[in-house]
Amino acid sequence: MTSSFSTPEPAAPTHISGSVPVKIAVVNGSPSIPSKTGALAHEIVERLSNKLPVDVRFIAVNDLVPFFSDSYGDPSSPIATALATIADADFLIAASPIYKGSYTGLFKHVFDLLPPSALADKPVLLVATGGTERHTLALEHQFRPLFGFFQADTLPITIYGHDSEFENYKVVSAELDKRIDRAVLRALPFLSADLREASLYPSI
Ligand SMILES: Cc1cc2nc3c(=O)[nH]c(=O)nc-3n(C[C@H](O)[C@H](O)[C@H](O)COP(=O)(O)O)c2cc1C
């Protein structure tokens with residue numbers, strides 16, 4: 001019997017057709033290479049790409065570090081390209097390792113450089129990895145308010161993975177695997193007008 005308090009599971013669509021790919025920007029706030037956060041973000045994007053056509057741009061903040069002291073107004077700087085990619089995306093995956101109970105300083109620095117209106121009404125999936133599961137709620141009390149400042153449309157669902165759910169920078173946890181699948185299905189209505197109109201969710 002299904003409890004009336006359980007979260008309704010969306011029906012799983014196969015592949016959504018359509019010729020215009022959804023532009024997805026992924027920001028990984030990790031200074032490390034390789035990165036578990038990056039591995040998790042790639043896994044999410046891989047599963048989204050099985051559901052609908054996507055055009056994905058990955059932004060590793062680590063790659064931007066040498067350019068942070070450049071003139072921010074220089075349109076040829078990789079920083080300007082990264083900021084334009086974020087602003088232009090249909091969907092943002094904002095991913096960072098947890099450092100001292102929050103996103104990394106590098107992650108914040110990228111968003112510090114964005115104009116305040118750049119993310120207005122943009123759907124954003126919040127993603128984090130941490131050493132333990134104890135900092136899961138940092139997504140709610142650290143990440144979500146930052147995107148509240150930008151008036152972004154953060155998805156109610158988030159994804160958090162912890163160190164023991166990865167091996168060799170691959171997701172090995174069946175539980176994390178399920179959480180990714182659930183978040184991807186819940187993200188689809190934010191990405192496709194067709195799915196927005198024909199609600200995926202059964203009435204409760
Ligand atoms: C400087 C530093 C601070 C960290 N602080 C936390 C923390 O507060 N809470 C936590 O759960 N993990 C913390 N960790 C662990 C990382 O969040 C975790 O290993 C993460 O998966 C690393 O992601 P990455 O491989 O993408 O860099 C910290 C790691 C470092 C290096």
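Modeller: Gladly, and please keep in mind that this is a predicted model. Let us begin with T154, a residue of strand β5, which spans residues 153–154.

Colleague: Is T154 buried or exposed?

Modeller: Buried means under 20% relative accessible area. T154 has a relative accessible area of 17%, so T154 counts as buried.

Colleague: Which side chain makes a polar contact with the side chain of T154?

Modeller: Leaving out residues up to four places away in sequence, T154 touches V124, L126, R144 and F147. Among these, one has a side chain in polar contact with the side chain of T154, at 3.0 Å. That partner is R144.

Colleague: Thanks! Now for the largest nonpolar core: which of its residues touch the most other members?

Modeller: This core has 32 residues. In soluble globular proteins, nonpolar side chains tend to be buried together. The members that touch the most others are I86, L92, F111, L119 and F147.

Colleague: Which element gives the largest share of this core?

Modeller: Several elements supply at least two residues each: β1 (22–28), α2 (61–64), α3 (78–88), β3 (91–97), α4 (105–112), β4 (123–130) and α5 (138–149). The largest share is 5 residues, and it comes from α5.

Colleague: What does L92 touch, not counting residues up to four places away in sequence?

Modeller: L92 is one of the core members that touch the most others. Its contacts include I86, F111, L119 and F147, which are also in that group.

Colleague: How many residues are in the second, separate core?

Modeller: That core includes A95, L125, A183 and A187. Its total is 26 residues.

Colleague: Let us turn to the ligand. Which residues are closest to the ligand?

Modeller: The ligand is surrounded by 17 residues. By class, 4 of them are nonpolar, 10 polar and 3 charged. The closest are S30, S35, T37, I98 and H135.

Colleague: How much of the ligand's exposed area does the protein bury?

Modeller: Taken alone, the ligand exposes 650 Å². The share buried by the protein is 74%.

Colleague: And R57, is it buried, partly exposed or exposed?

Modeller: R57 sits in strand β2 (residues 54–60). R57 is at 46%, so it counts as partly exposed.

Colleague: What separates the C-alpha atoms of R57 and V26?

Modeller: Setting aside neighbours within four places in sequence, R57 is in contact with I24, A25, V26 and T85. R57 and V26 are 31 residues apart along the chain. Their C-alpha atoms are separated by 6.2 Å.

Colleague: Finally, what percentage of the protein's residues is buried?

Modeller: The protein has 7 helices and 8 strands, and its chain holds 204 residues. Of these residues, the buried part is 45%.

Methods. Residues numbered from 1 in each chain as written. Predicted model: local features only at pLDDT ≥ 70, side-chain atom pairs only at ≥ 80, totals over all residues. Heavy atoms only, no water. Core = buried A, V, L, I, M, F, W, Y, C linked by side-chain atoms within 4.5 Å. Buried < 20%, exposed > 50% of the residue type's maximum accessible area, 1.4 Å probe, protein only. Helix = DSSP H or I, 4+ residues; strand = E, 2+ residues; numbered from the N terminus. Contact = heavy atoms within 4.5 Å. Near = heavy atom within 4 Å. Areas by Shrake-Rupley, 256 points an atom, 1.4 Å probe, with all protein chains shown as cover. Nonpolar A, V, L, I, M, F, W, Y, C, P; charged D, E, K, R; others polar. Polar contact = N/O pair within 3.5 Å; in protein donor to acceptor, adjacent residues only side chain to side chain.
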